[in-house]
Amino acid sequence: MKILFAAYECAPFFKKGGLGDVIGSLPIALQKEAIDVAVVMPYYDVVNEAYPQKKIGEIQIVFHGKLATVGIYRGKLPGSRVTIYFLRNKQYMAIVNAAVSKEKYKEFAFFSIAIVELVFWLTETQKWKPDLIHCHDWHTALVPLILKKHLIALPTVLTIHNMSHQGTGSTGLLDMMHVDDQDAKVIKRGERIYELNILGEGIFHSDVVTTVSETYAQEILDSKSEDRIYTYLKRKEEEQGKRFIFQGIMNGIDYTVWDPAKDDLLQAPYTMQTYEVGKLKNKDVLLKKLQLPDRLTFCFIGRLVNQKGIDLISKAMDTIADFDCNIILLGEGEKKTEEAVRLLAKKYPSFVRAEIFYNEPYSHQLFAASDFILIPSHFEPCGLIQMIAMRYGTIPIASKTGGLVDSIQHGKNGFLFENGSVSDFRDVMKKAVHLYQDKKKRHAMITSAMETDFSWKKSAISYRELYTKILGERI
Ligand code: ADP
């Protein structure tokens, strides 16, 4: 079985959040399940500088009425035999556009066309023809539509990693891609504006849609007409006249990258047997560097966007201040949320530190040095930081939503509080700190967290079953 993964980020080459982690590790787990997987992503300048690759070919594509050349480069996912193809074009795929840029729609449409051309090229020159393309999020959600437009009968799976990013661009994009309006399904025809929902197109034209946890899948279905995604799924089901597969498959984490026993980025690596000494050493070094006293330490690691619930931390700050603790925040993102985090550090200089940047090594050190990680997300499709934190013996205090519910057992390997409730967040934090003062109970919880299995194996088997089902139905 040959599967081509299409995504715009892939760790360690380029990573902005959990999607990068998933694309950098799930293919390796699938390969262990005897699936021949390759990955394709854009060859951004930043990737090129850090990971120069060998050019192996070139394809021509027609976009916006012009012929464009795309360079094909080939590499491997580190520590594996999984091939990754990088596609390079100076005009559309050299620079990673900021989230606000309008150009991103054009770039991902261009990338999606290039992916389809790559499939032809791989088939002809490399004798490698994928049986199925697995697209991830809206960035590559136009691929199924382009395949249909060219009458290519190649099955596709679309995984929604976060439905709050749907890619709603102008229908002018369809002209650039030389796709007729009638071929697209979810154009909203306003009085003057024609709007295209890219994720929606992916839902309609792919064979199967999945998301990254069972609870998030249910939340999407429960959202009824509140969100367009539900409406699209429903419409697709009606048009097909049969029950449509929409499945939640939980993400895992890469146990070779996230392993406190072998993590070179830590001051003192540690195992489940040596975590007490190990974590203390890591904590000692970090707190000295940040000029904070040695005491209970909470951390927050994540993209600074509304989703992640910094507002709840701000509102609960009076309670946190009573604990005799440190709180260390790491993240970057939207200006407004970054400002809110800076303000916390300014307002509470004796115990809050905020690092507003993206720094992979620092994140490892923070996971290892902290006692608790705060995850007050308003919604969380899967979430990886709770899994990473638990592997590092750091207890999550998280909202009862999405994948956090599926991965945290309240009172056993972490704490959950009612989504959006500041008072419950406060109460649960108090309980957590209380438990932490009880050495025996603390030890039981840390051990249970470290023992929880978040490896990819189970999910990889679920994906294999899904691919087999789709390909079986197609034959
Ligand atoms: P999301 O996919 O919504 O960004 P996840 O919890 O699934 O959230 O994954 C976030 C990933 O990004 C984790 O690997 C986390 O360590 C990493 N990360 C987020 N922000 C930063 C940062 N500022 N510096 C380093 N790593 C970060």
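Predicted model: local features only at pLDDT ≥ 70, side-chain atom pairs only at ≥ 80, totals over all residues.
In which kind of crossing does α6 pass α8, left-handed or right-handed?

Helix α6 covers residues 198-205, and helix α8 covers residues 228-240. Two packed helices are described by the angle between their axes and the distance between the axes. Here the angle is about 25°, and the axes lie 9 Å apart. Angles under 35 degrees count as roughly parallel, and α6 and α8 are therefore roughly parallel to each other. As for the opening question, α6 passes α8 in a right-handed crossing.

Now let us turn to the cysteines. A disulfide is a covalent bond between the sulfur atoms of two cysteines. To be counted here, the two sulfur atoms have to be within 2.5 Å, and by this rule the model has zero disulfides. Take C135: the closest cysteine sulfur belongs to C10 and is 15 Å away, so the pair is too far apart for a bond. C325 is in no disulfide either, and the nearest cysteine sulfur, that of C299, is 12 Å away.

Are C135 and C325 buried or exposed? C135 counts as buried because its relative accessibility is 0%. C325 is buried as well, with a relative accessible area of 2%.

Notes. Residues numbered from 1 in each chain as written. Heavy atoms only, no water. Buried < 20%, exposed > 50% of the residue type's maximum accessible area, 1.4 Å probe, protein only. Axes fitted to C-alpha atoms, helices over the stretch in contact; angles between N-to-C directions. Helix = DSSP H or I, 4+ residues; strand = E, 2+ residues; numbered from the N terminus. Parallel < 35°, antiparallel > 145°, perpendicular 65-115°, else oblique. Left-handed = near helix turned anticlockwise from the far one by under 90°.
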